[in-house]
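Have the structure open while you read.

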Amino acid sequence: MKRISLLLAALFLSAAGCVQQELSPKTVQKTESIMGTEVTVTVVARTAGEGEAAIDAAMTEIKRLDAMMSLYKDDSEITGVNLAAWKRPFRVSPEMIEVAAEAEKIARLSNGAFDVTIGPLVVLWQMGLKEGKVPTDEEIKRILPRVGYWNIVIDKKASTLFLKKPDMIMDFGGCAKGYAADKAAEVLRKQGIRNGIVAIAGDIRAMGRREDGRPWRIGVQHPRKENKTLTVLELSDKSVSTSGDYERFRIVKKKRYHHILDPRTGKPSQGMESVTVIGDRGAVIDPLTTALFILGPGKGMKMVKDLGCDAIFVDDRGRVAATEGIKIDR
């Protein structure tokens, strides 16, 4: 599971209990459980009422997108696409087309390191690890032909998605949260909010600045030291996404198996502990982060730079590599 620790104390005025004028900016924050994780929205508003109304609108937008893209809802559009696999194109909302197109772009640029058709492998591993078993090579081999982003047909004009093979499963788990953070930020702007933070687990969208006029401060979690950060980012109008092996994993026969699967091998990716990406759009960096976790810094660093992003890589030996301009705490 992705995780970035927000430095919440920095969101409020440092002088506790100070008297403010009635119309001075106010920082308002709310947390809800959506998309299978904690969603926290923080805004700087003219009044507490204005802030609360804007946050409620942003939360409603995230719930709307979750209802559209969740594999765990029988009436979601993604479920409809998967049930129609090989049979017929399935008509979806423009948002679904947009997410699928961004995912296809990252899949192509990463040569399949990120792939939204990984669903059958996710199911195989989830079922196996739940019972304390690791899927066999033969089981993985049988599933792999059902995985392949090139078997998705995206028809923007007709607004349909089509899966060419039977029993394929599209899974937007690696790209929906970043997109939802972007869309929630758009809703906040329409509500008159220019400064705020949308945090959906490890996918964060920073808008404008804090109440005191300084950039937002976002701590990047060390993947092996719970109370330590790798660095503190100071950001305005940027998105941050982290993929790590430290939240969702199981130990089977003394070996650690995490949830980030390599679509090309069908097994948990090896070699990395975490990757954090900073860029302009969550819809891009959310899937990119997963791809880079699988590729590692050797192949991933060029991809990061070509896309105009910054990144922090931590490999399974604790070695840290980062793009220029990011200061790492040692």
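E32 is buried, at a relative accessible area of 18% (buried means under 20% relative accessible area, exposed over 50%, partly exposed in between, with a 1.4 Å probe and protein chains only). Its side chain meets that of K30 in a salt bridge, 3.4 Å from N to O, and K30 is partly exposed at 34%. Here a salt bridge is a side-chain nitrogen of Lys or Arg within 4 Å of a carboxyl oxygen of Asp or Glu.

Keep in mind that this is a predicted model: local features need pLDDT of at least 70, side-chain atom pairs count only at pLDDT 80 or more, and totals for chains, interfaces and linings use all residues. Numbering starts from 1 along each chain as its sequence is written, and side-chain values use heavy atoms, without hydrogens and water.

The salt-bridge count comes to 20. K30 and E32 also belong to a network of salt bridges with D56 and K63.

| Pair | N to O distance |
|---|---|
| E32 and K30 | 3.4 Å |
| E50 and R46 | 2.5 Å |
| K302 and D306 | 2.7 Å |

E50 is buried at 19%, whereas R46 is exposed at 59%. K302 and D306 are both exposed; they sit four residues apart in helix α7 (residues 282–306), about one turn of the helix.

Now for the helices (DSSP runs of H or I, at least four residues, numbered from the N terminus). R64, L65, M68 and M69 in α1 meet E95, M96 and V99 in α3, with contact meaning heavy atoms within 4.5 Å.

Technical notes. Helices (H or I, at least four residues) and strands (E, at least two) are DSSP runs, numbered from the N terminus.
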